[in-house]
Amino acid sequence: MSAQSLPAEDLRYVVCPVCRQQLVRLGDVISCKGCGRRYPVVDDIPVLLADRAL
Ligand SMILES: [Zn+2]
């Protein structure tokens with residue numbers, strides 16, 4: 001795990017890259033409270049990229 005990695009549980013300072021709203025973890029995905037996009041969690045690291053949204 002590199003210094004750049006982001007534990008999936010630590011979402012307090014992370015926002016949706018699309019709408020800047022809060023994110024919540026739902027099992028194996030990260031869900032946005034604003035726009036409803038869901039982002040995958042790969043190796044326990046959230047992939048918060050708009051073009052990777054589920
Ligand atoms: Zn959003």
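A word on the ground rules. This is a predicted model, where local features need pLDDT of at least 70, side-chain atom pairs count only at pLDDT 80 or more, and totals for chains, interfaces and linings use all residues. Residues are numbered from 1 along each chain as its sequence is written, and side-chain values use heavy atoms, with hydrogens and water left out.

**The sheet**

The chain has zero helices and four strands, in the pattern β-β-β-β along the sequence. Helices (H or I, at least four residues) and strands (E, at least two) are DSSP runs, numbered from the N terminus. The strands form an open sheet in the order 1-2-3-4, with antiparallel pairing. Strand 1 and strand 4 sit at the edges with a single partner strand each, so one side of each has no neighbour in the sheet. Two strands count as paired if DSSP finds at least two bridges between them.

| Strand pair | Bridges |
|---|---|
| strand 1 and strand 2 | four bridges |
| strand 2 (residues 29-32) and strand 3 (residues 38-42) | three bridges |
| strand 3 and strand 4 (residues 45-46) | two bridges |

The hairpin of strand 2 and strand 3 has five residues between the strands, with G36 at a positive phi near 80 degrees. In the hairpin of strand 3 and strand 4, with two residues between the strands, D43 takes a positive phi near 55 degrees.

**The zinc site**

Which residues hold the zinc ion as protein donors? They are C16, C19, C32 and C35, each through SG, lying 2.2 to 2.3 Å from the zinc ion. Donors are N, O and S atoms within 2.8 Å of the metal (3.2 Å for Na, K and Ca), and water is not among the atoms, so sites may look incomplete. The donor residues are spaced C-x2-C-x12-C-x2-C in sequence. C19, in the segment before strand 1 (23-26), and C32, in strand 2, link distant parts of the chain, 13 residues apart.

C32 is buried, at 4% relative accessible area, whereas C19 counts as partly exposed at 25%. Buried means under 20% relative accessible area, exposed over 50%, and partly exposed in between (1.4 Å probe, protein chains only).

**What's inside**

Buried residues make up 28% of the 54 residues in the chain. The largest nonpolar core has nine residues: L11, V14, C16, L23, I30, C32, Y39, V41 and L48. Strand 2 and strand 3 are the elements that give two or more residues to this core. Such a core is a set of buried Ala, Val, Leu, Ile, Met, Phe, Trp, Tyr and Cys residues joined through side-chain atoms within 4.5 Å.

Setting aside neighbours within four places in sequence, C16 is in contact (heavy atoms within 4.5 Å) with Q21, L23, C32, C35 and Y39.
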